[in-house]
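Please walk me through this model in the viewer, one selection after another. I would like to know what to select next and what is found there.

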Amino acid sequence: MTDLYIFDLDGTLIDSGEDIADCVNEAFSHFGYFRVEKEKLIAFLGDGARALIERALKESTRGKFDFESDFGKRKFDELLNWYLEYYYENPVKKTKLYAGIKELLRTLKEKGKKTAVLTNKPGRIAKTILEKLEVEKYIDLIVSPDDFAKKKPDPAALAFTVGKINEKFGSSFAEDSVIMIGDSNVDIECGKAYGCKTVGCRSGIGDTEKLLSARPDLSFAVASEIEKFIDVLSENSDISEIQKFAMENEVPILQDEGSTFICDYILSHNVKTILEIGTAIGFSSIRFAKLNPQIKVTTIEIDEKRYETAKKNVENENLSDRIELILGNALETPIDKKFDLIFIDAAKAQYIKFFEKYKENLTENGVILSDNLSFHGMVEDLSLTHNYSTIKLVKKIRKYIEFLKSNEEFETEFHKIGDGVSVSRKVKGES
Ligand code: SAH
Ligand code: MG
């Protein structure tokens, strides 16, 4: 039973990027620093005010700001405090609730659910904003770094929040009654480490690609879409039931059809050797290896923590002899072997480079598969997002599609299945 809904604030309940950016720039002007482009500032959000000002100062001074000297430290603190005061005075000039949030929070109350906000924003600012937007009455608890020093993604922050709710209501909620909803990978990682279900919001402020690679159980464009699922969520703790419901009701959630398509391809084309670029925590590698005991997977991951998690997962499945995990940047990893199928599933901005490097590693009839070429419809319709880093990414995906279409060495088929999959194989030479 899901009874406690814990929301991230910025990018999940509220669209606050512009106000924050304006306040940072006010502070910079006040202290005589160059202003920073709004889109850039918004991309710097997610890890709290200190990290934001640090990144913004680096950008504003072109890396010249001296964070180490006594003078620099003093200036930094002055600037940070000025910014926080100013933001506290001006938190809701442009900030709005995302569509449907008020209705969602009201419905949750009507259904007797408990709600909390877990934010890395200073608590008094969070509270002011929720008051001004008239939703504070629907929220049972706000937890910020002022209440508990450990910030997201530390799962202790979630455990603390659940504990406080239990204290307040005499309830005994635990992992299986909690759902964490957020727009950044930090929220999802926090929820996963704590052990509850997670929902990702794709049109928030956070980096969408990072969000999805943290693998939320469900993902929606905006948080209010979970309103349709409240009853399913309440009755069921099984995500696959929710996915089924979503398909039947045509609600867009994290799609699995893409990987089903790849599995079908592997089985129907008798693929025996697979190279995967982007392991994450081994989810897809394990799925491929389990299709047939003759299949061997080699997979590369750049992030050490994920690589370690993948290793454990592969060991738990007893697949270490058939899944070879490599830690490193796939653009720099020398690989000599040839593969029947190469699955590119790493940083989308680098797809062309991955393709160029790994086309040398194909067996005679080998294919290169790439996923997420539609990027939730944004590749076709860029107006679906206003997120700066997402727009940049979508443009890169479009370039990759153009690259494949105009490639004379390879022929490519594009499938609308899942989130858009392409299959490319070498054009047969004259012989
Ligand atoms: N294939 C996985 C999901 C991969 S998510 C699955 O379906 O379960 C993409 C992963 O690619 C992330 O974990 C990211 O850290 C990794 N990545 C990004 N750039 C990379 C690079 N240059 N080399 C190797 N891995 C990379
Ligand atoms: Mg957020």
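**Stop one: the ligand**

Select ligand 1 and its shell of 18 residues, among which Gly278, Ala280, Phe283, Ser284 and Ala330 come nearest; a residue counts as near if its C-beta atom, placed from the backbone, lies within 6 Å of the molecule. The model is predicted, so local features need pLDDT of at least 70 and side-chain atom pairs count only at pLDDT 80 or more, while totals for chains, interfaces and linings use all residues. Residues are numbered from 1 along each chain as its sequence is written, and chains are lettered from A and ligands numbered from 1 in the order in which they are written.

At least two residues of this shell come from helix H13 (283–289), and at least two from strand S10 (296–301). Helices (H or I, at least four residues) and strands (E, at least two) are DSSP runs, numbered from the N terminus. Colour the shell around ligand 1 by class to find eight nonpolar, five polar and five charged residues.

**Stop two: the domains**

Next, colour the protein chain as domain 1 (4–14 + 94–248), domain 2 (17–89) and domain 3 (257–426); the bounds come from an automatic or database domain assignment. The centres of domain 1 and domain 2, taken over C-alpha atoms, are 28 Å apart.

**Stop three: a loop**

Finally, select Asp381, in the loop between strand S13 (362–370) and helix H16 (388–405). Asp381 counts as exposed because it has 11 C-beta neighbours inside 10 Å, and the cut-off for exposed is 12 or fewer. From its C-alpha atom to that of Val394, 13 residues apart along the chain, the separation is 9.6 Å.

Technical notes: Buried ≥ 20, exposed ≤ 12 C-beta atoms within 10 Å, placed from the backbone. Nonpolar A, V, L, I, M, F, W, Y, C, P; charged D, E, K, R; others polar.
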